[in-house]
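Me: I would like to go through this model with you, starting with its nonpolar packing and then turning to charged pairs.
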Amino acid sequence: MAIEKVRTFLRERGFEGRVLEFDVSSATVELAAQAVGCEPEHIAKTLSFYVGDRVALIVAAGDARIDNPKFKAQFHTKAKMLKAEDAEPLIGHAVGGVCPFAVNDGCDVYLDASLKRFDLVYPACGSSNSAIGLTLAELEELCAPCTWVDVCKLPA
């Protein structure tokens, strides 16, 4: 199970005791915000895209949306999200629990500038009922190697 893989990954880095597991689903931004008890924009959602023969995982604020022209300028291809059935085999996490750490080879992690508004964000931990609160520095540390990008837009 992916959460066990993530738990091992976090244990090796001194973060395991911070995993939050819920009795309710946290599979969407809204559900995760309710479970955590925060505003939806503080959820660090991980969006997955086909980019050439690799997977690009873009971690963005819960209220951010992909900006197609920015995505194309960054990745030199049209934004094409992974099919749900490809998520677990390619990333190692199923839809609803995709997170940016403890991922399969062939995945590149990008942190979107939309996160920089917050001191603390909450990505999933490999299951549809988990999260972890992280500072941006901690998120960057756990996602390394990763790259900061600006490929999202915020609501008006």
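Predicted model: local features only at pLDDT ≥ 70, side-chain atom pairs only at ≥ 80, totals over all residues.

Me: How many residues does the largest nonpolar core have, and which have the most contacts inside it?
Reply: This core has 47 residues. Leu 10, Phe 101, Leu 115 and Leu 139 have the most contacts inside it.

Me: Which element gives the most to this core?
Reply: Strand 3 (54-61) gives the most, with seven residues. Other elements that give two or more residues include helix 1 (2-12), strand 2 (44-51) and helix 5 (136-143).

Me: What does Leu 139 touch, leaving aside residues up to four places away in sequence?
Reply: Its partners are Val 59, Pro 100, Phe 101, Leu 111, Leu 115, Val 121, Pro 123 and Leu 134.

Me: Which residues does the second core include?
Reply: Ala 32, Ala 33, Ile 43 and Tyr 122 are among the nine residues of that separate core.

Me: Changing topic, how many salt bridges does the count come to?
Reply: The count comes to eight. In one of them, Asp 63 and Arg 117 meet at 2.7 Å, N to O. Asp 63 lies in the loop between strand 3 and strand 4 (65-66) and Arg 117 in the loop between strand 5 and strand 6 (120-121), so the pair ties together parts 54 residues apart in sequence.

Me: Is Asp 63 buried or exposed?
Reply: Asp 63 is buried, at 18% relative accessible area, whereas Arg 117 is partly exposed at 40%.

Me: And which residues are linked in a network of salt bridges?
Reply: Glu 4, Arg 7 and Glu 21 form that network. Arg 7 and Glu 4 meet at 3.8 Å, N to O, and both lie in helix 1, three residues apart.

Notes. Residues numbered from 1 in each chain as written. Heavy atoms only, no water. Core = buried A, V, L, I, M, F, W, Y, C linked by side-chain atoms within 4.5 Å. Buried < 20%, exposed > 50% of the residue type's maximum accessible area, 1.4 Å probe, protein only. Helix = DSSP H or I, 4+ residues; strand = E, 2+ residues; numbered from the N terminus. Contact = heavy atoms within 4.5 Å. Salt bridge = Lys/Arg side-chain N within 4 Å of Asp/Glu carboxyl O.
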